[in-house]
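Reader: Could you walk me through this structure? I would like to learn how to read it piece by piece.

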Amino acid sequence: MFFLLFLLTPLALAVSSALADSRTLVLYDSRLPEFTTQYSKLFQTLESKNFDLELGLVGPDSPSPDLFTNGFRRYQNILVLPTTSRDLVPTETLLQFVQDGGDVFVISDNKGIQTDVALFLNELGIFPSPKEYKYKDYHNGETLDDPEVQNTVVLPSAKSISYTDGSVALLSNSELLVPVVRAPRTSYTVNVDEGRLSTDSTWHSGSQGFLFVGFQGLNNARVFWTGSSASFHDASFNEEVVDALVNWTFQISGLIKATSTKHYNENGDAGYKIKDTTTYEIGLSHWNGDQWVPFKNRTDVQLEYVMLDPYYRLNLVPTREENSSQIYSTTFQIPDRHGMFTYKVLYQRDGYSFVDESTTVPVRHLANDEYPRSWEITNSWVYLSSALAVVIGWFAFVVLFVFSGNKHFDKEKTE
Amino acid sequence: MAKKDVKTKNTPVVKKQTPQQTSDKTSSGVSVVQELGNSVRISFNSYLAETKNNQKLRLIDTFLIFLVGLGVLQFVFCVLVGNFPFNAFLGGFISTVAQFVLTVSLRLQSLDANKTVFKGITPERAFGDYIFASLALHFVVLHFIN
């Protein structure tokens, strides 16, 4: 078997950026108590992950920090702590930052949600409750004993999460959102200034709200929002949760990449013609925090064989491991249609970085000497024999015509 | 001239038959099938009588009937079994049709009644044309059937 078509794909962009570039900007309101005294454990956690931290104190008078120099991104990550500062970073700049592949982690609470950041989150489909709206749950208090975790890739396990001074977000139906923790059924958000409970004064009620929400763009840039700083605070530091969330947002967990894609013709030809049997293989790796390991035990990796529409959508089956990647493959027969076909693997699962690999190949029709001859098809024997019968009958007719019944012609001639 | 003689000879025979049949009708009642059968018989008889002295025409007609039968057979097979492989069907079917057309044209050219129409075409020339056209047809059909 020849492996004539062998294509190596470059590493996913997000992966290389996460490992090579870890410059992190931490935005913090200078009017609130010192960062180091309040968030020292968070600080240590970030340091231990080898993030190159830069503290950006923002106050009423401080200029907004530059995220770009000469059009180049200065940071890979931004961590926004609760702030009441009026001008932090313009919404457009934040959007541009994410569009360029930067990751943003926003922690707000019921007092500190900054308008520009809120508008930025709104653009992504996350709608945090405004200032003065407070998260309340009279059944469970301000601690989630059994949080309803929606995505275990982002947050593998969480026993108890403190959610004091919380705000809650409503979500749009964007497919790029990754809801992580849903608000409990007994909770609601109410405007504390209003005093009276009404539909106007509540932001969410029951499980329609979300407390931890991720977002992953098509460029694999990640944004995370949570409505309470309690877990990040020294007083009630929740290392498990902080670790998981920071890892996910700053591209350490939930990272997968396609290491290789390969396709070949089962009969060994270099190209493809209709009805050939082809095999497609893709190698997937998973970053475990230290190194790339095979991305195993997936049953939902699918291959599409597309010409305008998918002609096939097939489940890929894990076959073997190769150089720290798990090879998923499938073998199928090319449809009876020639043209430009694309092998496409679009693996988009909540919490994992997106894998989008496509290879386009030409599929030719049969050459004129590759069709079966008519005598190989039993149906045509009828037509063949009748055509032959016509020839034989005609020959007999001609012979008889010449040698018999000359009366008429003879008479003509004599006349 | 000979033909006219034949007709005059035969007409009485036909006429003889018709009174018998009409008497049959009256006795057994009017039947469409019977009437049709009668007319077919009459025309067949008249055909036999007409071509009594012309074996070539009879030979041509026999060949034509053979071709029609073969064509119908293929068509029925195609309808029942399906038209794959279509080129073979076309080749087989069209070979009968085209051979039929060629043979009919040979028949037309060898009829005495049409002598004025095909002035300057001798029967030998007509037959030669027919053979040449048929060979070309068979060549094409065999290649088309593949």
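This is a predicted model: local features need pLDDT of at least 70, side-chain atom pairs count only at pLDDT 80 or more; totals for chains, interfaces and linings use all residues.

Reader: Which helix supplies the largest share of the side of chain A that touches chain B?

Author: Let's begin with the whole contact, which takes 25 residues from chain A and 31 residues from chain B. On the chain A side, α7 (380-403) and α8 (407-414) each supply at least two residues. By class, that side has 14 nonpolar, eight polar and three charged residues. The largest share, 15 residues, comes from α7(A).

Reader: Why is α3(A) called oblique to α6(A)?

Author: Look at helix α3 (residues 40-48) and helix α6 (residues 239-249) of chain A, whose axes come within 11 Å. The axes here cross at roughly 45°, and that makes α3(A) oblique to α6(A).

Reader: Which residues of α6(A) does α3(A) meet?

Author: Good one to find on screen: α3(A) passes α6(A) in a right-handed crossing. The residues of this contact divide into four nonpolar, one polar and two charged. From α3(A) come Leu42(A), Thr45(A) and Leu46(A), and in α6(A) they meet Glu239(A), Val242(A), Asp243(A) and Val246(A).

Reader: Which residue sits in the turn of the hairpin formed by β23(A) and β24(A)?

Author: Strand β23 (residues 302-307) and strand β24 (residues 309-315) of chain A pair in the antiparallel sense over six bridges. Within that pairing, Tyr305(A) has Tyr312(A) as its bridge partner. The hairpin leaves one residue between the strands, and this turn residue, with a positive phi of about 65°, is Leu308(A).

Reader: How far apart are the end C-alpha atoms over residues 127-145 of chain B?

Author: An unreviewed UniProt entry lists residues 62-82, 88-106 and 127-145 of chain B as "transmembrane region". In the model, residues 62-82 of chain B are 95% helix and 0% strand, with end C-alpha atoms 29 Å apart. Residues 127-145 of chain B are 100% helix and 0% strand, and their end C-alpha atoms are apart by 27 Å.

Technical notes: Residues are numbered from 1 along each chain as its sequence is written. Chains are lettered from A and ligands numbered from 1 in the order in which they are written. Two residues are in contact if their C-beta atoms, placed from the backbone, lie within 7 Å. Helices (H or I, at least four residues) and strands (E, at least two) are DSSP runs, numbered from the N terminus. Ala, Val, Leu, Ile, Met, Phe, Trp, Tyr, Cys and Pro count as nonpolar, Asp, Glu, Lys and Arg as charged, and the others, Gly among them, as polar. UniProt positions are given in the numbering used here, feature names are shortened, and annotations may be inferred rather than shown by experiment. Axes are lines fitted to C-alpha atoms, for helices over the stretch in contact, and angles run from 0 to 180 degrees between N-to-C directions. Angles under 35 degrees count as roughly parallel, over 145 as roughly antiparallel, 65 to 115 as roughly perpendicular and the rest as oblique. A crossing is left-handed if the near helix is turned anticlockwise from the far one by less than a right angle, and right-handed if clockwise. Two strands pair if DSSP finds at least two bridges between them.
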